[in-house]
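User: I should like to learn how to read a protein model feature by feature. Could you guide me through one?

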Amino acid sequence: MKIRTVIIYLLVLFSSVSYASNSTIDSLRALLNSTNLTFRSIVINEICNNYIYTNQDSALKYGTLGVEAAMKAGNKSNQAYALNSLGIIYKEKGDYLNALDYFIKADKLFEEKNNLEGRTLTTLNLGRVYELQNLFDKALSHYSLALSLSEKSKNKKNSAVVLNHLGSF
């Protein structure tokens, strides 16, 4: 009897999470008609991020559109965030070569903009890919750099995330 209750609870939980995600994506899609290119690129990247763990084909489509929209808007920061999202998608797919490529491209743009928080994210993601490839020296080097960047930006949340990765490493 208890197992049945747990199964019903999990089914309700997952169906509500799926509904919330679809509802969020639908709301974001409604904003795509904006003529403000920068806003549009942010919305496209948010749609991409909502698909990353549920529908990677759609995530890739919107991630690519996000890069294009940010380029058209001339917004290198949004372009870097979209490239970072594409890197996450490829990391999740196990395509580490493409993941590294996108993270490196994003990191270069964040560096150009002197965006320490963005660099923290990409450097952390690079470290994670190296860790998944069992390249532990490179992973540790990137995690250490990510910690230094997060401390420089005074973002305690990012510092905690990096420390968590270092602690589990």
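User: What should be known about the model before reading it?

Analyst: This is a predicted model, in which local features need pLDDT of at least 70, side-chain atom pairs count only at pLDDT 80 or more, and totals for chains, interfaces and linings use all residues. Residues are numbered from 1 along each chain as its sequence is written, and side-chain values use heavy atoms, with hydrogens and water left out.

User: What is the mean pLDDT of the protein chain, and where is confidence lowest?

Analyst: The term pLDDT denotes the predictor's confidence in each residue, from 0 to 100. Where pLDDT is low, the predicted coordinates should not be read in detail. The protein chain averages a pLDDT of 86, and 88% of the residues score at least 70. Confidence is lowest in helix H1 (residues 2-30), with a mean of 55, and highest in H5, with 98. Over residues 3-20 the pLDDT stays under 50, and the model has zero contacts there beyond four places in sequence. A contact means heavy atoms within 4.5 Å.

User: How many helices and strands does the protein chain have?

Analyst: Helices (H or I, at least four residues) and strands (E, at least two) are DSSP runs, numbered from the N terminus. The protein chain has eight helices and zero strands. Among contacts with a separation of 6 or more, 52% join residues 24 or more positions apart.

User: How is the span of a helix read, and what does H3 show?

Analyst: The expected span is 1.5 Å times one less than the number of residues. Helix H3 (residues 56-73) has 18 residues and should therefore span 26 Å; its end C-alpha atoms are 25 Å apart, which agrees. Gly74 follows H3 and has a positive phi, near 70°. Helix H5 (residues 96-112), with 17 residues, reaches 24 Å from its first C-alpha to its last, close to the expected 24 Å. Just after H5, Asn114 takes a positive phi of about 55°.

User: Which residues of H5 are buried, and what covers them?

Analyst: Buried means under 20% relative accessible area, exposed over 50%, and partly exposed in between (1.4 Å probe, protein chains only). In the protein chain, buried residues make up 40% of the 169 residues. The buried residues of H5 include Leu100, Tyr102, Phe103 and Phe110. Helix H4 (76-93) and helix H6 (116-132) are among the elements that cover the buried residues of H5. In H3, the buried residues include Gly63, Gly66, Ala69 and Ala70.

User: Is Asn45 buried or exposed, and which residues does Asn45 touch?

Analyst: Asn45 lies in helix H2 (residues 37-51). Its relative accessibility is 8%, so Asn45 counts as buried. Leaving out residues up to four places away in sequence, Asn45 touches Tyr81, Ala82 and Ser85.

User: How many salt bridges are found in the whole structure?

Analyst: Side chains of opposite charge can pair when their charged atoms come close. A salt bridge is a side-chain nitrogen of Lys or Arg within 4 Å of a carboxyl oxygen of Asp or Glu. A search of the whole structure finds five salt bridges. One of them joins Asp107 and Arg119, whose closest N and O atoms are 3.1 Å apart. Asp107 lies in helix H5 and Arg119 in helix H6, so this pair ties together parts that are 12 residues apart in sequence. Asp107 counts as buried at 11% relative accessibility, and Arg119 counts as buried at 14%.

User: Which residues form a nonpolar patch on the surface?

Analyst: Patches are made of residues with over 30% relative accessible area and no salt bridge; like charges are joined within 9 Å, and nonpolar side chains (Val, Leu, Ile, Met, Phe, Trp, Tyr) within 5 Å. Accessible areas come from the Shrake-Rupley method with a 1.4 Å probe, and for residues only the protein chains shown count as cover. Phe136, Leu140 and Phe169 form the patch, with about 260 Å² of accessible area together. Leu140 lies in helix H7 (residues 136-153) and counts as partly exposed at 38% relative accessibility.
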